[in-house]
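Hi there,

Here is the structure I promised to pass on. Have a look at it first, and then read on for my notes.

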Amino acid sequence: MSSATALGKIHSDATLVVPALIHELHQLPKSTIVHGEVVKSLGEFGVQAKAAVPDITTMLSDPILFNRKAATNALLRIDPEAAAKAGIK
């Protein structure tokens, strides 16, 4: 289990964890499975991870299926309105 996955499962203080996960998204190379794991963890925070919506939205076209699914599911949990605008039902 990656540290990003653990942070999502622990679901601790969103004011500390969400910015750290967003920072991690920016540090990771695009289109890696770990990138999807970070997005999946952000989804665990629901509306508390709204600051990640722009980054998650860009992953909707990721070449890796796991990452696209993680982005879709996270966006639905974090901001259903943004998900609808992106064509996710």
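Where is D79 found? D79 sits in the loop between helix 5 and helix 6. Helices here are DSSP runs of H or I with at least four residues, strands are runs of E with at least two, and both are numbered from the N terminus.

Before the rest, a word on the ground rules. This is a predicted model, so to speak with care: local features need pLDDT of at least 70, side-chain atom pairs count only at pLDDT 80 or more, and totals for chains, interfaces and linings use all residues. Residues are numbered from 1 along each chain as its sequence is written, and side-chain values use heavy atoms, with hydrogens and water left out.

**Overall picture**

The chain has six helices and zero strands, giving the order α-α-α-α-α-α from the N terminus on. Of its 89 residues, 40% are buried (buried means under 20% relative accessible area, exposed over 50%, partly exposed in between, with a 1.4 Å probe and protein chains only). Among contacts (heavy atoms within 4.5 Å) with a separation of 6 or more, 58% are between residues 24 or more positions apart. The chain exposes about 5000 Å², and carbon and sulfur atoms supply 60% of that; the areas come from the Shrake-Rupley method with a 1.4 Å probe, and for residues only the protein chains shown count as cover.

**The core**

The largest nonpolar core has 24 residues, of which V18, V39, L42, F45, I56, L75 and I78 touch the most other members. At least two residues come from each of helix 2 (14-27), helix 3 (33-43), helix 4 (53-58), helix 5 (65-78) and helix 6 (80-85). Helix 2 gives the largest share, six residues. Such a core is a set of buried Ala, Val, Leu, Ile, Met, Phe, Trp, Tyr and Cys residues joined through side-chain atoms within 4.5 Å.

**Two residues to look at**

G36 lies in helix 3 and is buried, with a relative accessible area of 0%. Leaving aside residues up to four places away in sequence, G36 touches M59, F66, N67 and A70. Its C-alpha atom is 8.3 Å from that of K69, 33 residues apart along the chain.

Not counting residues up to four places away in sequence, D79 touches K50 and V53.

Best wishes
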